[in-house]
Amino acid sequence: MPINGYATLDGTARYRERFKGRAAENHFRLEQNLWLSSVGIGTYLGNPDELTDERYTDSVTRAVELGANLIDTAANYRFQRSERSIGAALRHLTAEKIAARDELVVCTKGGYLPFDGAPPADVRRYVEETFVRTGIAQFSEIVNGHCMTPRYLESQLDQSLRNMGLDSVDVYYIHNPESQLAAVSREEFEKRLRAAFEFLEGEVKGGKVRMYGAATWNGFRVSPNAREYLSIERITEIAREVGGPEHGFRFIQLPFNLAMPEALVADNQTINGERVSLLEATGALGVTVVASASLLQGKVARELPEHIREPLGALATDAQTAIQFVRSTPGITTALIGMSRREHVEENLQLVRVARTLPEDFQRLFGEEEE
């Protein structure tokens, strides 16, 4: 039997209350009528083997115990094994009464065609037998291993719910929708996106999805002239046209870290004709931003110079410092960290007790000093 329910205001407030006196005041942020932890656990990297499965299950459990209530995954992460590891963790957490389902914000993604447990010997044959012959997708709808038609997303959502043993997911992202722009026109892209949103609005009404969004890599970071550019204003407009003012498009995810600060510093979005940064635009549109690649697979978690470490609080490790940058950025709600080892969970979640860097100290990172 699946675990019933979804994250609620009362549930996430209850979770937050358990950390009273142990968590910094602004570790939990109220967004979309939920209390979200400023650090969340991601599940992207790792070998597709049983040892890594067990490590992820243990890491997710430990992260929830230490104050992270946002759990992020995708159908294609480790060939569906990450979703299944999360499912095992959720069963343990709820059965042992460590956390209730309504306290946890579970997010997954659909878009890329996932393998099942391990790569197949013949990829084209696998795609044809699994998706095309079954009527889930046509080859004409697949772009570089990516599809976002309603029929395909329906199959992926149901599969993700089975993998995790849930009857509802809190946030369902279309995974890198900009991938489609490599092969289709902007007009066709918007047509496909609209159809995907119509499907997801139906799933919101039906209860399988609470909110939806777009998890991207390049789309929100590149210049407006780039082929894969995404306008958050236009995407939100499409969602409003489909779902009305109470539409379910409420989250985006994109890389943000010390080496990739575009969401903060690049004025590549437009709101009412004015050029602004992505974080300014999402703030104006009521869209919550979750940062992926907060450590850029460890590349920004070592040998940080003192002029970065000191304004961010001279924390114990470079990894903590890099995460502190992300979680202290105005407009970023949660910094996702891929953590498949308990020791990394325990190191990184020491930040639960650390306050957000003050705005004046944060500004020193960019050398913005008054003359």
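Trainee: What makes the pairing of leucine 304's backbone nitrogen with the side chain of aspartate 318 a polar contact?

Mentor: A polar atom of the aspartate 318 side chain sits 3.1 Å from that nitrogen of leucine 304. The rule asks for a pair of N or O atoms within 3.5 Å; within protein, one must be able to donate a hydrogen and the other to accept it, and residues adjacent in sequence count only if both atoms are side-chain atoms. So 3.1 Å falls within the 3.5 Å limit. Bear in mind that this is a predicted model, where local features need pLDDT of at least 70, side-chain atom pairs count only at pLDDT 80 or more, and totals for chains, interfaces and linings use all residues. Residues are numbered from 1 along each chain as its sequence is written, and side-chain values use heavy atoms, with hydrogens and water left out.

Trainee: Is aspartate 318 buried or exposed, and how do you know?

Mentor: Its relative accessible area is 15%. Buried means under 20%, exposed over 50%, and partly exposed in between (1.4 Å probe, protein chains only), so aspartate 318 counts as buried.

Trainee: And where is aspartate 318, and what is it in contact with?

Mentor: Aspartate 318 belongs to helix H11 (residues 318–328). Helices (H or I, at least four residues) and strands (E, at least two) are DSSP runs, numbered from the N terminus. Beyond its neighbours within four places in sequence, aspartate 318 is in contact (heavy atoms within 4.5 Å) with Val300, Ala301, Arg302, Glu303, Leu304 and Arg309.

Trainee: Why is the link between aspartate 116 and arginine 84 called a salt bridge?

Mentor: The label needs a side-chain nitrogen of Lys or Arg within 4 Å of a carboxyl oxygen of Asp or Glu. Here the closest N and O atoms are 2.9 Å apart, so the pair qualifies. Aspartate 116 is in the loop between strand E5 (105–110) and helix H4 (123–132), and arginine 84 is in helix H3 (residues 81–95), so parts 32 residues apart in sequence are tied together. With 46% relative accessibility for aspartate 116 and 31% for arginine 84, both sit in the partly exposed band.

Trainee: How many salt bridges does the structure hold?

Mentor: There are 25. One of them joins arginine 364 and glutamate 310 at 2.2 Å, N to O. That pair links helix H13 (residues 359–364) to the loop between helix H10 (306–309) and H11, 54 residues apart. There's also a network made of Asp58, Arg62, Glu65, Arg342 and Glu346.

Trainee: What makes a space a pocket, and what is the volume of the largest pocket?

Mentor: On a 1 Å grid over the protein atoms alone, a pocket is an open set of points with protein on both sides within 12 Å along at least five of seven lines, and lining residues have an atom within 4 Å of a point. The largest has a volume of about 940 Å³, meaning the space filled by probe spheres set on points joined across faces, edges and corners. It is lined by 36 residues, with Tyr44, Leu45, Ala293, Gln297 and Gly338 closest to its centre.

Trainee: How do the residues of that lining divide into nonpolar, polar and charged?

Mentor: They come out as 13 nonpolar, 18 polar and 5 charged. Ala, Val, Leu, Ile, Met, Phe, Trp, Tyr, Cys and Pro count as nonpolar, Asp, Glu, Lys and Arg as charged, and the others, Gly among them, as polar.

Key: 1 Å grid on protein atoms, 1.4 Å probe; cavity = no way out; pocket = protein on both sides within 12 Å on 5 of 7 lines; lining within 4 Å.
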